[in-house]
Amino acid sequence: MMRNLRPLLLATPLIASVLLAAGPAGAQMPGAPPPGVTVAKPVVREIVEQDQYTGRFDPIEFVEVRARVTGYLDKIMFQDGANVKKGEVLFIIDRRPYKAALEQAQAALTSAKARLSFTQTDLERAQVLSRGGNISEQVTDQRRQASQTAQADVDSAEAALRNAQLNYDFTEVKSPINGRISQRLVTEGNIVSTDQTILARIVSLDPIYFGFNVDERSFLKYQGSLGIGMGQMQRGKGAPVQIALSGEEKPTRKGTLDFVDNRVDYQTGTMLLRATVENPDGFIKPGLFGIVSMPATKPFQGILIPDEAVSANQDKRIVYILGEGDKVAARTIKLGPIVDGYRVVRDGLKGDELVVINGVAKVRPGAQVKPETVELPPTKK
């Protein structure tokens, strides 16, 4: 047994020497050329950090078109889904009964005016006779009362005529706003009831609202740093926002914050904010979801680096800085959000350092490298 162990014992020091010569995993072998890396100075420029929230588009104006008189629906004057103008005739309700009522009211007014003319003439005759003592004062008073009653009848007939004219006009159902109309909800030949039957719905599209909710903590930050919710919107100084529709990687629509609710929702602990968005092509429809990017800070000088330059060391984030003798050193940093494709560095860099941006996996603190210096563009594509 001892004979078999002797060769193994003799080989053990040799194996150990080989392992020691190899060094720790990832260490640079003695005599090996330094690894090539790409280094660059961070991008330093004025930026505004953005926060993102999900919200929904809503129309500025929304109308349920209802019948204002009862009758049979005679004609439909629009195509489903068409753009309509304010005052455009959409529906016509059978006008014949209301035309007859209008003519009757006109005749009643003519009759009342004739009676008024007669009683006024009769009163004037009585007043002349009364001054000569040829008629009693009582008869004069009776004729004055008859004239006043006739005047009241004329006033009543005029009011009835106006009401009949209104009802006749209401047989033409007109669009109260500019917008896009829905499909017809009632077809021709059906009876519609006053203020009950919904004939169609109209929504305005340009401009359009975008509403979203922010948490209480974020709202207090915006209010303190940007003044959102402190009356600047009433002075026409709402913050600009950008909105991306579902499926879009980048925002394609611009808007302006114009409303902040007057209280935090008790149940959700959020505050409602609203932006107005131009929609000249009508592409955005009410009810669509979107992601809004709104300013979270005032403009400041930001330090920006690519995400691939950042490494992890347990719970810390580090970058490698090129120093004297082309040796790299690890630097702990504090990161912020992504702006224009770069990562914001809140703390740990001044902006004049040369940071390893490519080849990070090939370096370690204190190692010598072969750097290639490049200049980062202002924005990362």
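The structure holds 15 salt bridges, a salt bridge being a side-chain nitrogen of Lys or Arg within 4 Å of a carboxyl oxygen of Asp or Glu. This is a predicted model, with local features needing pLDDT of at least 70 and side-chain atom pairs counting only at pLDDT 80 or more, while totals for chains, interfaces and linings use all residues. Residues are numbered from 1 along each chain as its sequence is written, and side-chain values use heavy atoms, with hydrogens and water left out.

Glu64, Arg66 and Arg201 are linked up in a network of salt bridges. In the Glu64–Arg66 pair, the closest N and O atoms sit 2.9 Å apart; for Arg201 and Glu64 that figure is 3.4 Å. Arg201 belongs to strand β11 (residues 198–203) and Glu64 to strand β4 (residues 62–66), so this pair ties together parts 137 residues apart in sequence. Strands here are DSSP runs (E, at least two residues), numbered from the N terminus. Glu64 comes out as partly exposed at 30% relative accessibility, as does Arg66 at 32% and Arg201 at 31% (buried means under 20% relative accessible area, exposed over 50%, partly exposed in between; 1.4 Å probe, protein chains only).

Elsewhere, Asp281 and Arg253 meet in a salt bridge at 3.3 Å, N to O. Arg253 is buried, with a relative accessible area of 15%.

As for the sheet, four strands make an open, antiparallel arrangement in the order β8-β7-β5-β10. β8 (172–174) and β10 (191–192) are at the edges with a single partner strand each, so one side of each has no neighbour in the sheet. Strands count as paired if DSSP finds at least two bridges between them. β5 (residues 71–76) and β10 pair antiparallel over two bridges, and Tyr72 has Ile191 in β10 as its bridge partner.
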